[in-house]
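My notes are below, in the order I looked things up.

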Amino acid sequence: MKKLLLSFMFAGGLVFGQKIEFEEYKLPNGLHVILHQDNSAPVVTTGVMYHVGSKDEQVGKTGFAHFFEHLLFEGTTNIQRGEWFKIVSSHGGSNNANTTSDRTYYYETFPSNNLELGLWMESDRLYQPIINQIGVDTQKEVVKEEKRSRLDNQPYGKFSYGEAVNPHVFKNHPYKWSVIGSFEDLSSATLEDFQHFSETYYVPNNAVLVVAGDFKSEEAKQLIEKYFGKIKRGKDVVKSFPKEDEQTQEVRATEYDANIQIPLLAINYRTPGNKVKDAAALQMLSDYLSGGKSSVLYKKYVDERKEALQIFAFNRQMEDYGIYTIGILPQGEVSFEYLEKELAKDIKAVQTDLISEKDYQKILNGIENRFVASKSGVQNIAHALADAYMLRGNTNIINEELDIYRSVTREDIRNAAQKYLNPQQRIIINYLPESAKDAK
């Protein structure tokens with residue numbers, strides 16, 4: 001499960017405020033295609049995003065989407081096992097993949113004279129992947145080792161990757177399990193289970209292909225038809241997920257981590273999915289509360305009172321729901337009970353009073369700067385276009401996102417705090433060292 005922050009090593013800049021031009025269409029087999037032509041540097045990214053993430057899994061069969069992030073590098077009918085990365089690097093390229101709760105994304109970035117190679121490789125991955133027992137057994141061990149290093153043996157790993165949070169926030173929706181899944185589910189899964197998963201979700205009508213960079217549009221279209229047009233449409237993927245009931249009572253839970261010494265207090269709230277304007281308002285609230293050393297919570301708890309080593313607030317936006325989290329690492333003997341009461345006052349303040357115009361403008365400036373940085377380079381633009389189409393239902397959101405944030409008023413920020421951050425909506429997690437369990 002690689003991090004979603006992509007490398008900026010490839011050229012292709014974005015002038016502030018510049019519109020990202022693109023063309024999109026569908027093949028008869030249902031594959032959605034997005035083309036973004038930028039001939040300013042001789043590189044091109046080909047990416048395929050599949051609308052399958054951990055939420056598409058079943059109880060007892062978790063971790064499949066992330067497992068396929070690895071498995072589909074095993075090879076195809078034309079690409080022998082172990083050759084994928086060698087082919088990419090020998091042609092001057094780079095490649096990677098990542099998985100979230102909602103989708104899985106594969107991409108290559110090559111010198112632009114290798115556009116056809118990138119399209120051929122991704123089409124072959126879709127058309128005729130090799131899913132056999134050797135690959136399954138190999139990748140099971142790879143994924144288990146990744147889970148050990150990223151979650152089980154990493155300080156705060158279970159918190160960072162949601163394993164210690166999601167089950168307490170979600171009771172019905174499959175967001176309740178982590179993207180990486182469980183050892184038990186992967187160990188008990190059969191080859192037939194993985195083949196069925198592939199046939200269900202890795203079909204052209206459940207995917208979007210993005211080509212971004214230095215290419216000629218007509219040539220790219222011909223190559224796309226040549227390599228992807230022959231792939232048969234799969235059965236339509238029907239998505240119907242259980243809804244969460246309205247939360248009317250505070251939830252409290254304790255989680256333990258053998259890799260930490262400093263406890264973490266995490267106050268969480270279930271929030272709406274990423275298509276709702278309130279998601280932008282909550283993100284702006286996060287920036288106000290903990291966005292940098294001049295932010296309200298950092299100044300109060302870390303800088304002035306010396307009551308915390310670290311404090312953060314963020315709204316994790318997903319397709320169906322989000323999780324708003326305020327986390328704090330206390331300094332010394334400062335108690336969770338005290339910090340809870342103080343943070344409740346801080347939340348009450350943003351529910352009652354408007355933030356200042358100066359703070360509001362500072363938030364907007366920061367968002368604009370991050371927006372430009374995140375759309376720098378064709379590799380990042382390809383990723384953003386795929387996300388916009390698949391997870392927001394509107395590819396042009398890539399050009400509208402800043403306007404959405406600019407349309408959020410100070411009143412909207414206050415209203416979002418009033419709507420979602422109430423005491424009865426809290427999920428409070430005491431994330432403690434393992435030694436605290438022994439001391440009980």
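**Entry 1: what I am looking at**

I keep in mind that this is a predicted model.

**Entry 2: the six-stranded sheet**

I started with the strand order. I read an open sheet of six strands, running β1-β2-β6-β3-β5-β4, with mixed pairing. The edges are β1 (23-26) and β4 (94-99), and each of these pairs on one side only.

Next I went through the pairs. I find β1 and β2 antiparallel, joined by four bridges. Lys 26 has His 32 in β2 as its bridge partner. The two strands make a hairpin with five residues between them, and in the turn I noted Gly 30, with a positive phi of about 95°.

On to β2 and β6: this pair is parallel, over six bridges. Here I see Val 33 opposite Leu 209 of β6. Then β3 (residues 43-50) and β6 (residues 207-213), which run antiparallel with seven bridges joining them. In that pair, Met 49 is partnered by Val 208 of β6.

Is β2 enclosed or open? I count it as largely enclosed by the rest of the structure, because five of its six residues are buried.

**Entry 3: helices on that sheet**

I looked for what covers the strands. Helix α3 (residues 115-127) lies across β3, β5 (104-111) and β6, and it runs at about 155° to β5. Helix α14 (residues 378-392) packs on the sheet too, and I find it touching β1, β2 (32-37), β3, β4, β5 and β6. The direction of α14 makes about 150° with that of β6.

**Entry 4: Asp 193**

I wanted to know where this residue sits. Asp 193 belongs to helix α8 (residues 191-201). Buried or exposed? Its relative accessibility is 19%, and the cut-off for buried is under 20%, so Asp 193 counts as buried.

Which residues does Asp 193 contact, leaving aside neighbours within four places in sequence? I get Lys 61, Phe 64 and Ser 188. I also checked a distance along the way: Asp 193 and Asn 415 are 222 residues apart along the chain, and their C-alpha atoms are separated by 46 Å.

**Entry 5: α1 against α4**

Phe 64 made me look at helix α1, which spans residues 64-71. Helix α1 packs with helix α4 (residues 133-152) at an angle of about 115°, the axes being 9 Å apart. That makes α1 and α4 roughly perpendicular, since 65 to 115 degrees is the range for that word. The crossing of α1 and α4 is right-handed.

From α1, the contact uses His 66, Phe 67, His 70 and Leu 71. From α4, I listed Gly 135, Val 136, Gln 139, Lys 140, Val 142, Val 143 and Glu 146. By class, the α1 and α4 contact residues are five nonpolar, four polar and two charged.

**Entry 6: the five-stranded sheet**

I then turned to another open sheet, of five strands in the order β7-β11-β8-β10-β9, again with mixed pairing. The edge strands are β7 (251-257) and β9 (308-317); each has a single partner strand, so one side of each is left without a neighbour in the sheet. Neighbouring strands in this sheet are turned by 20° on average, direction ignored.

For a pair inside it, I took β8 (residues 264-272) and β10 (residues 321-330), which are antiparallel and joined by eight bridges. Ala 266 stands opposite Gly 327 of β10.

Two helices pack on this sheet in my notes. Helix α10 (residues 277-290) touches β8, β9 and β10, and its direction makes about 170° with that of β9. Helix α12 (residues 336-352) touches β7, β8, β9, β10 and β11 (426-433), at about 35° to the direction of β8.

**Entry 7: α13 against α15**

Last, I checked another helix pair. The axes of α13 (residues 357-374) and α15 (residues 397-407) come within 10 Å and cross at roughly 170°. I therefore call α13 and α15 roughly antiparallel.

On the α13 side I find Tyr 360, Leu 364, Ile 367, Glu 368 and Phe 371; these meet Ile 398, Glu 401, Leu 402, Tyr 405 and Arg 406 of α15. The α13 and α15 contact has seven nonpolar, no polar and three charged residues.

Note on methods:
Residues are numbered from 1 along each chain as its sequence is written. This is a predicted model: local features need pLDDT of at least 70, side-chain atom pairs count only at pLDDT 80 or more; totals for chains, interfaces and linings use all residues. Side-chain values use heavy atoms; hydrogens and water are left out. Two strands pair if DSSP finds at least two bridges between them. Contact means heavy atoms within 4.5 Å. Axes are lines fitted to C-alpha atoms, for helices over the stretch in contact, and angles run from 0 to 180 degrees between N-to-C directions. Buried means under 20% relative accessible area, exposed over 50%, partly exposed in between (1.4 Å probe, protein chains only). Angles under 35 degrees count as roughly parallel, over 145 as roughly antiparallel, 65 to 115 as roughly perpendicular and the rest as oblique. A crossing is left-handed if the near helix is turned anticlockwise from the far one by less than a right angle, and right-handed if clockwise. Ala, Val, Leu, Ile, Met, Phe, Trp, Tyr, Cys and Pro count as nonpolar, Asp, Glu, Lys and Arg as charged, and the others, Gly among them, as polar.
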